[in-house]
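Welcome! Please take a moment to look over the sequence and turn the model around before reading on. The paragraphs below will walk you through it, one region after another.

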Amino acid sequence: YESQREEYKNHNSYYVDVYHFFADANDKENSKKVLNDVVISNIDNYETLKGLAMKLQADKEYDLASSVYKRLLILRPRDAQSFLDLAQIYNEKGKTQRAFNLLKDLLELTKTASKINGVVKNEVNAMLQTTKNIDDSKLESHYKLNTTFDIRILASWNRENSNVNLQVIDPSLEVASKENPRTRLGGELVNVNDAFGPEEYTIINARNGDYYI
């Protein structure tokens, strides 16, 4: 790693791959060293940092992941996905009020963009319906929904030039897609058309059976 990093440091997936290698070997000392090198090197490549943050989140390294997501928000403060990522990691860390407040602010920032505003609204109401002791007194009443989804899928990614299109096949074998955003069974797919997502699939009353993502 020490002999390679200078040569490969500009490759988007390099630090993610090396971190993954050491983490899989349960080598915490070297996996933390890779993360430290990312911090002190002042890498500002959004794709590299988000790939690393997603890997840390999957490994339940929430403190480290939140540090990277904070940096991503600084790099792209106008992207709703940056706010969503940080709010979700706060929620997973148990900092539910901080996550809720961030999402509440995002609702106001996106109120003129209906698609992403709808996704954020669903995220806010998921928190209200599943988390106790959230202070929602400053949340505008029109943002509160009494809707619960049997299935909700939220997708984002870390490569700007990737053409990611979420599709869901329901038990009737109908495909929810960009071209067919509303299905006969009640599924709805939202494509925000941002560089890194999100895309969202929801269905209120899901028929029993298999759903293919």
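**A walk through the model**

With a relative accessibility of 19%, Thr96 counts as buried, where buried means under 20% relative accessible area, exposed means over 50%, and partly exposed is in between (1.4 Å probe, protein chains only). This is a predicted model, in which local features need pLDDT of at least 70 and side-chain atom pairs count only at pLDDT 80 or more, while totals for chains, interfaces and linings use all residues. Residues are numbered from 1 along each chain as its sequence is written, and side-chain values use heavy atoms, with hydrogens and water left out.

Let us stay with Thr96 for a moment. Thr96 is part of helix H7; helices (H or I, at least four residues) and strands (E, at least two) are DSSP runs, numbered from the N terminus. Not counting residues up to four places away in sequence, Thr96 touches Tyr90, Asn91, Met127 and Thr131, contact meaning heavy atoms within 4.5 Å.

Now follow H7 along its length. The 14 residues of H7 (residues 96–109) should span 20 Å at 1.5 Å a residue, and the end C-alpha atoms are 20 Å apart, which agrees; the expected span is 1.5 Å times one less than the number of residues. Buried in H7 are Thr96, Ala99, Phe100, Leu102, Leu103, Lys104, Leu106 and Leu107. An α-helix has 3.6 residues a turn, so residues three or four places apart point the same way. What do the buried residues of H7 pack against? Their partners are helix H6 (80–93) and H8.

These two partners also meet each other. The axes of H6 and H8 come within 11 Å and cross at roughly 10 degrees; axes are lines fitted to C-alpha atoms, for helices over the stretch in contact, and angles run from 0 to 180 degrees between N-to-C directions. That makes H6 roughly parallel to H8, since angles under 35 degrees count as roughly parallel, over 145 as roughly antiparallel, 65 to 115 as roughly perpendicular and the rest as oblique. On the H6 side, Ala80, Leu84, Gln88 and Asn91 make the contact, and on the H8 side Ile116, Val119, Val120, Glu123 and Met127. By class, the residues of this contact divide into 6 nonpolar, 2 polar and 1 charged. Here Ala, Val, Leu, Ile, Met, Phe, Trp, Tyr, Cys and Pro count as nonpolar, Asp, Glu, Lys and Arg as charged, and the others, Gly among them, as polar.

Tyr15, Val16, Tyr19 and His20 of H2 meet Thr48, Gly51, Leu52, Lys55 and Leu56 of H4. This contact of H2 with H4 has 5 nonpolar, 3 polar and 1 charged residues. In the loop between H4 and helix H5 (62–75) you will find Lys60. Lys60 counts as exposed at 59% relative accessibility, and its phi is near 65 degrees, a positive value in a residue other than glycine.

Next comes the sheet. Its 3 strands form an open sheet in the order E1-E5-E4, with antiparallel pairing; two strands pair if DSSP finds at least two bridges between them. Strand E1 (151–155) and strand E4 (188–191) are the edge strands, each pairing on one side only. From one strand to the next, the twist averages 10 degrees. Helix H8 (residues 114–130) packs on the sheet and touches E1, E4 and E5, its direction making about 125 degrees with that of E1.

How many bridges join E1 to E5? There are 5, and the two strands run antiparallel; Leu154 stands opposite Glu200 in E5. E4 and strand E5 (residues 199–203) pair over 4 bridges, with Glu188 facing Thr202 and Asn191 facing Glu199. In E5, 5 of its 5 residues are buried. Glu199, Tyr201 and Ile203 point one way from E5, and Glu200 and Thr202 the other way.

Finally, look at Gly187, in the loop between strand E3 (175–176) and E4. Gly187 is buried, with a relative accessible area of 2%. Leaving aside neighbours within four places in sequence, Gly187 is in contact with Pro181, Arg182, Tyr201, Thr202 and Ile203.
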